[in-house]
Amino acid sequence: TTPTTPTSTTTTTTSTTTTTTSTTTAIHPFNANFVGSGYVVDFFGVVPGHSNPIRYTTAFDVSFILSISTFATTSSCFSSCDSNVACIGVYMRVSNNEIECRLLSDLGTSEGLKTGTESISLRKYVTTTTATTTTTTPFLVVSIPKSFTPYFQLKYMGNNPDNSGEPLMFDLATASMPYDVDVSRCFFLCNTQQYATCQGLYFEMVEEGTAKYPYLCYLVSDVRGDPQPSTKASFSFSRNIMTSTSTTITTTTTTTT
């Protein structure tokens, strides 16, 4: 009988450990969701994900800059504008890892201006509330450009979200055809006319997409009549009568003989 040789079996178990590394990319502060902030983006500058960098044309115009501050967050810039009744928009840019905030009283032209800065341009809007729903409607406040402040004054506001008084407007019986131009251009058009031809301006908000600008502008040749009730968001500006004085110099020549 042949002896049996014992057989040994060796089992080797190999375990594999897989390590997954996830990378989180920080969102640029100017790419945040600004819904509910009270502001709407008009232009992005040199910001990731956005081509064709544009800024407000008035961002560096001292005539329209209310203040310049530095903050750590965009919300602080919004709060600063909210507390200033003359502020209708903000321009923010990254400066030394902080946010430079410029409060503006005029936003310039709708086309904006090419820029090479890491920036964002936003305008203030107003939220209107009804009994059952809350509707957020972009609402651009029309203010007198600084170069025209000696020549015009706000007379009436229409059915505007920020108007706590009676909504009124000029009687448009003597109004021109509507002009679809930017605010500064409209003031310029009236101011270059004889006073008898243009005594005031009327701006009426139109639905988005129906015109190039948020408001249509009317030149009013007679603003002396009683105001009319207004059902739309509007602004009526009267033109100041500018008087000029002349000085007469009389020269007397005496001849001695």
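User: What should I know about the model before we start?
Analyst: The model is predicted, so local features need pLDDT of at least 70 and side-chain atom pairs count only at pLDDT 80 or more, while totals for chains, interfaces and linings use all residues. Residues are numbered from 1 along each chain as its sequence is written, and side-chain values use heavy atoms, with hydrogens and water left out.

User: Where does Ser105 lie?
Analyst: Ser105 lies in the loop between strand 5 (98-104) and strand 6 (113-114); strands (E, at least two residues) and helices (H or I, at least four) are DSSP runs, numbered from the N terminus.

User: Is Ser105 buried or exposed?
Analyst: Ser105 is buried, with a relative accessible area of 17%. Buried means under 20% relative accessible area, exposed over 50%, and partly exposed in between (1.4 Å probe, protein chains only).

User: And Leu104, buried or exposed?
Analyst: Leu104 is buried, at 0% relative accessibility, and is found in strand 5.

User: Which residues does Leu104 contact, sequence neighbours aside?
Analyst: Beyond its neighbours within four places in sequence, Leu104 has contacts (heavy atoms within 4.5 Å) that include Tyr56, Phe64, Ile88 and Tyr91.

User: New topic: how many residues are in the largest nonpolar core?
Analyst: The largest nonpolar core has 26 residues. Such a core is a set of buried Ala, Val, Leu, Ile, Met, Phe, Trp, Tyr and Cys residues joined through side-chain atoms within 4.5 Å.

User: Which element gives the most to this core?
Analyst: Helix 2 does, with four residues.
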